[in-house]
Amino acid sequence: MLVTPLLDIDTVFDAVFARPSRRPMAGAQALHVEETDEAYILKASLPGVPSDEIDVNVTQKGVTLLASRTNQTPDGFQPLRLERTAFTVNRHFRAPLPLNVDAAEASMSDGILTLTLPKAAELTPRKLTVNVA
């Protein structure tokens, strides 16, 4: 990378030392992870992927997502242009805290897979009320 006076030092630093999570992997589907006090919410863009082609495995340590989309041309049709590529997704999210596997949920809407991964109960913050004696 050529450094010029016009190039911002933060841009240079980010380009050289960016954490892997800040650089999308080639061919990887976009993931978005949010954290609340109770759970991690993971959203994955999976346009055109049927639910029977999605495999989600949750452990106390994290979640693995496997999914694939194929391009199938119906019999008797000749494709003129193919711009929607087939793909396979194999992503893993390692949770910083143990997960409650039994309470995990998955839903799909408008090509977005949403995984709700509750934190283990013993690690969820709890507000205490102070009683006056």
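1. Aromatic pairing. The count of aromatic pairs in this predicted model comes to 1. Its members are Tyr40 and Phe93, arranged edge-to-face, with 5.8 Å from centre to centre and 65 degrees between the planes. The pair links distant parts of the chain, since Tyr40 belongs to strand β2 and Phe93 to strand β5, 53 residues apart. Both Tyr40 and Phe93 are buried.

2. Surroundings of Phe93. Which residues does Phe93 contact, leaving aside its neighbours within four places in sequence? They are Val33, Tyr40, Leu42, Lys61, Gly62, Val63 and Leu117.

3. As general background, nonpolar side chains in soluble globular proteins tend to be buried together. Over the chain, which has 133 residues, buried residues make up 23%.

4. Overall architecture. The chain has 1 helix and 7 strands. Read from the N terminus, the order of elements is α-β-β-β-β-β-β-β. Among contacts with a separation of 6 or more, 52% are accounted for by residues 24 or more positions apart.

5. The sheet of 4 strands. This open sheet has the order β1-β2-β7-β6, and its pairing is antiparallel. The edge positions are held by β1 (31-35) and β6 (105-109); each has a single partner strand, so one side of each is left without a neighbour in the sheet. On average, neighbouring strands of this sheet are turned by 15 degrees against each other, direction ignored. The antiparallel strands β2 and β7 are joined by 7 bridges.

6. Thr114. This residue is located in strand β7. Is Thr114 buried or exposed? Its relative accessible area is 19%, so Thr114 is buried, the cut-off for that class being under 20%. Not counting residues up to four places away in sequence, Thr114 touches Ile41, Leu42, Lys43, Glu105, Ala106 and Ser107.

7. The sheet of 3 strands. A further open sheet, with antiparallel pairing, has the order β3-β4-β5. Here β3 (54-59) and β5 stand at the edges with a single partner strand each, so one side of each is left without a neighbour in the sheet. Neighbouring strands of this sheet are turned by 5 degrees against each other on average, direction ignored. The antiparallel pairing of β3 with β4 extends over 6 bridges.

8. Confidence. The chain has a mean pLDDT of 81, with 77% of its residues at 70 or more. Where does the pLDDT fall below 50? This applies over residues 19-27, a stretch that has 7 contacts in the model beyond near neighbours in sequence.

Key:
Residues numbered from 1 in each chain as written. Predicted model: local features only at pLDDT ≥ 70, side-chain atom pairs only at ≥ 80, totals over all residues. Heavy atoms only, no water. Contact = heavy atoms within 4.5 Å. Pairing = 2+ DSSP bridges. Helix = DSSP H or I, 4+ residues; strand = E, 2+ residues; numbered from the N terminus. Axes fitted to C-alpha atoms, helices over the stretch in contact; angles between N-to-C directions. pLDDT = per-residue confidence, 0-100. Phe/Tyr/Trp six-rings, centres within 6.5 Å; stacked < 30°, edge-to-face > 60°. Buried < 20%, exposed > 50% of the residue type's maximum accessible area, 1.4 Å probe, protein only.
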